[in-house]
Amino acid sequence: MHGSSSRATNVASQTITRLGALLIVCLLSGILLAALFLPAVTVASAVADQGVETLEEFPSELDVQSPNEASRIEAADGSLLAVFYSENRIVVPMEDISPFMRKAVVAIEDRRFYEHSGVDPKGIARALISNSSGGSTQGGSTLTQQYVKNALLVDAVQRGDDDAKKDAVRASYARKLREAKLALSLESKLTEKHGGDQKAAKDEILTGYLNIAQFGPSQYGVETASRHFFSKHAKDLTPAESALLAGLVNGPNLYDPVKHPERALKRRNEVLSDMHSIGYLNDAEYKKAKDTPLEAMLKIQNTRAGCQDAGGAGFFCDYVTRSLLHDPKFAPTAAERKRLLYGGGLTIRTTLDSNKEKLALEILERRVPATSESGFGHSIVTVQPGTGKILVMAQNRKFNARSNVQPGETALNYTAPKALGGGNGFEVGSTFKPFVLAEWLKSGHSVWDQVETKREPMKRFPAKCLKGGAWQQTNDPYNPDNAVSVKLGPTQTVLDATKYSVNTSYARMARELDLCDIANTAISMGGYPTDFNRNAEDNRGLPVNKIFPREIAPSVMALGQVRISSLDMAAAYATFAADGEYCKPQAINEVTDRNGKKLPFTGTECKRVMSPEVAQAIQYTLKQDLEDPRATGKGMTIPGHEAGGKTGTSSFQYHTWYVGFTKQMSTAVWFGHPNANVRPGGFQVDGQYLVPKKVWGNTVSLPTWHEFMTRASEGTPNIPFPGPPAKPAGASQPAAAPRDDDSRERERPKRRQQSNKRQQQREQKPAAGNKPAPEKKPEQKQENKPAEKPQEGNNP
């Protein structure tokens with residue numbers, strides 16, 4: 001009797017509770033409906049206590065930004081390099097979402113979705129009764145309300161509005177009422193937008209929900225989730241896969257199938273049961289889906305944001321992002337540019353040639369592996385003449401911008417200017433000489449002109465941008481030496497001085513010109529010091545002596561004792577190949593937004609900086625460097641393709657270069673230690689032992705350049721260089737002729753004695769002699785040359 005009384009009491013209590021819940025639902029629904037038509041209706045005191053007196057004060061329209069969407073960086077062929085996101089989301093239209101996926105979400109979250117108008121009184125009643133009677137906890141919010149909540153939260157996050165973020169998730173009647181009012185309004189407006197077609201309005205809301213909801217620890221939107229968990233597109237999801245994803249929205253971490261497989265499986269089967277019970281799956285489909293093992297479904301594909309996952313193209317990827325983030329044409333402010341990159345759903349199609357990039361990486365890793373105990377760096381960068389497009393940007397390191405850097409990894413781009421991810425740069429040596437040659441020819445001189453070769457102190461060089469109009473050192477004159485592999489007569493042609501890299505002749509040429517004019521010619525071709533940011537507002541229009549604040553000196557403007565990025569050197573030499581048209585390096589072909597609309601950015605910037613005649617004379621001259629086996633290029637021509645270039649060796653041989661070009665490609669190769677002043681030697685490169693103090697531009701960098709350019713040019717047509725420039729009337733033949741090895745050996749003792757005597761007679765300031773000579777150059781000659789001040793190391 002006592003038990004029957006207790007059961008009756010419980011039944012009565014439950015009945016009262018349900019009636020109370022129903023009363024609350026009726027009141028809430030009445031208030032919401034009244035809010036749409038009678039704005040002055042006063043809300044309950046619980047709402048008023050939270051600072052809202054009438055529903056009229058709630059917004060009636062959902063005014064939010066589009067949700068952040070991941071951006072893609074692609075190579076020129078469309079292959080993916082990297083993904084950037086603040087929220088890993090890929091927005092897709094409804095037709096690209098599996099019908100099973102749409103039905104799964106409706107079944108588990110809001111089975112009356114296509115029947116109500118944004119707020120579901122029956123759903124609220126069912127949730128209140130279930131919650132109050134001890135049943136399963138239910139939320140009562142419709143899919144439309146959930147979409148509103150998510151949209152408000154995402155908007156607040158994207159705007160950085162902390163108060164709005166708190167309001168979007170605060171457990172309060174005010175938040176629920178605001179969401180309900182916005183849900184009703186949204187459905188009404190979308191139905192009107194679709195000409196009264198409520199189903200079309202519902203489909204748009206459901207698509208928005210599936211694109212904005214969180215489906216995993218860092219997976220936002222159904223397409224991203226589908227790719228992550230199943231390695232497939234959302235349009236291809238099966239019933240079992242759809243049910244697993246639909247179950248995640250209620251607890252992305254709680255039901256994570258990787259961390260909590262048992263929970264995820266139970267939740268998946270609950271969704272499948274609901275889909276079956278309301279007719280979304282037939283018996284056979286339900287049984288097949290339920291019997292599918294969880295582990296058989298998962299094919300996890302992790303996507304990490306940033307250039308870390310761009311493989312060997314990580315440094316190029318980093319260069320691309322830095323270019324966009326510093327580009328005011330892309331967006332006016334730094335904050336807007338960052339928001340676009342990380343949330344704009346952009347497709348950034350770059351200039352990178354994937355095949356050539358892979359080729360460069362293969363060569364570099366074979367010749368100087370990233371983990372080589374020597375610690376030396378090696379890089380290849382290629383620019384397309386006439387466009388400035390960067391085709392290759394490779395180095396013998398793995399890109400790692402995080403703190404846990406391992407051997408063979410770095411975030412420092414060895415090829416780029418400092419402002420775009422590079423370091424302090426590396427001294428370019430005799431690769432600077434073509435800038436002097438360009439100014440020589442622009443000034444009316446010829447490659448057939450005769451210049452003296454003898455060494456002598458030089459006290460004064462014209463330099464109109466310096467005080468007094470000249471560089472002057474009366475007590476410590478400039479006195480460079482030579483390190484050449486040919487016998488020098490008293491005079492020789494400028495052409496021979498170039499291909500044999502004769503320092504004394506180039507110093508004399510610079511003395512006949514003006515150091516400031518040489519500097520201006522260099523920067524007209526992009527030859528800026530590595531640490532000078534040419535894009536900075538404060539640096540625009542600066543005079544040349546401010547761009548080269550310490551470098552308007554003969555050691556720099558004659559022989560290249562200056563640091564210039566290899567990217568800028570490749571672009572500068574591309575000017576010669578393009579018949580005098582300089583194009584600023586360009587990494588991006590096109591940027592489109594999530595809707596396919598093209599966005600502005602700083603594109604190709606080309607200008608003529610010298611006449612075609614001057615550029616073609618340089619083409620011919622630098623071609624001789626490769627074709628003459630006695631020249632610094634050692635006869636290493638490109639089979640089937642005409643090419644030209646120049647070696648470079650820095651002070652103390654710390655850094656060695658080869659920069660050269662065909663008509664289609666201009667490539668700069670650098671070899672050196674990136675972190676310290678270390679002379680190369682005592683280790684092997686690709687099987688070749690490097691003899692200490694005998695490593696020049698043609699020892700490592702030239703063979704690397706030759707292999708890359710030979711293989712990269714295969715299958716491309718040859719575009720011939722012009723013939724020799726016309727000789728001025730009365731021009732004489734070259735005074736220097738190559739000598740044989742025996743005569744060079746006989747000359748060594750005499751030259752060694754002369755060098756020792758000069759060293760004993762005077763103390764001398766560091767000179768800038770470049771050493772692009774073959775390995776047979778006398779070691780004693782190097783040791784007795786005037787001391788030079790070591791350059792600072794590059795600190796990443």
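Me: Which backbone atom does the side chain of His641 reach, and at what distance?

Reply: In this predicted model, His641 sits in the loop between helix H24 (612-627) and strand S17 (644-649). Leaving out residues up to four places away in sequence, His641 touches Thr662, Ser713, Thr716, Pro717 and Asn718. With one of these, Thr716, there is a polar pairing, in which the side chain of His641 reaches the backbone oxygen of Thr716 at 2.8 Å.

Me: Is His641 buried or exposed, and what is its relative accessible area?

Reply: A residue counts as buried when its relative accessible area is under 20%. His641 falls under that cut-off and is therefore buried, its relative accessible area being 12%.

Me: How many residues of S17 are buried, and what is found on each of its faces?

Reply: On one side of S17 lie Gly644, Lys646 and Gly648, and on the other Gly645, Thr647 and Thr649, with buried residues covering both faces. The strand is accordingly mostly covered, and the count of buried residues is six of its six.

Me: Which residue of S18 is the bridge partner of Gly644?

Reply: S17 pairs with strand S18 (residues 655-661) in the antiparallel sense, over six bridges. The two strands form a hairpin with five residues between them, and in the turn Phe652 has a positive phi of about 60°. Within this pairing, the partner of Gly644 in S18 is Phe661.

Me: Where does Thr530 lie, and which backbone nitrogen does its side chain reach?

Reply: Thr530 is placed in the loop between helix H20 (515-524) and helix H21 (544-547), and it counts as buried because its relative accessibility is 1%. Beyond its neighbours within four places in sequence, its contacts include Ala416, Asn424, Arg563, Ile564 and Ser565. The side chain of Thr530 reaches, at 3.3 Å, the backbone nitrogen of Ile564.

Me: What separates the C-alpha atoms of Thr530 and Gly422?

Reply: Along the chain, Thr530 and Gly422 are 108 residues apart. In the model, however, the separation of their C-alpha atoms is 8.0 Å.

Me: Why is helix H17 described as largely enclosed, and how many of its residues are buried?

Reply: Helix H17 covers residues 433-442, and among its buried residues are Lys433, Phe435, Glu439 and Trp440. The helix is largely enclosed by the rest of the structure because the number of its 10 residues that are buried is nine.

Me: Which residue with a positive phi follows H17?

Reply: After H17 comes a residue whose phi is positive, near 100°. That residue is Gly444.

Me: What share of the protein chain is buried, and what share of its contacts with a separation of 6 or more joins residues 24 or more positions apart?

Reply: The protein chain has 27 helices and 21 strands. Of its 796 residues, buried ones make up 54%. Among contacts with a separation of 6 or more, the share from residues 24 or more positions apart is 72%.

Me: What is the mean pLDDT of the protein chain, and over which residues does pLDDT stay under 50?

Reply: The mean pLDDT is 85, and 82% of the residues reach 70 or more. One stretch under 50 is residues 31-53, which has 30 contacts beyond four places in sequence. Where pLDDT is low, the predicted coordinates should not be read in detail. A further stretch below 50, with 156 contacts beyond near neighbours in sequence, is residues 732-796.

Key
Residues are numbered from 1 along each chain as its sequence is written. This is a predicted model: local features need pLDDT of at least 70, side-chain atom pairs count only at pLDDT 80 or more; totals for chains, interfaces and linings use all residues. Side-chain values use heavy atoms; hydrogens and water are left out. pLDDT is the predictor's confidence in each residue, from 0 to 100. Contact means heavy atoms within 4.5 Å. Buried means under 20% relative accessible area, exposed over 50%, partly exposed in between (1.4 Å probe, protein chains only). Helices (H or I, at least four residues) and strands (E, at least two) are DSSP runs, numbered from the N terminus. A polar contact is a pair of N or O atoms within 3.5 Å; within protein, one must be able to donate a hydrogen and the other to accept it, and residues adjacent in sequence count only if both atoms are side-chain atoms. Two strands pair if DSSP finds at least two bridges between them.
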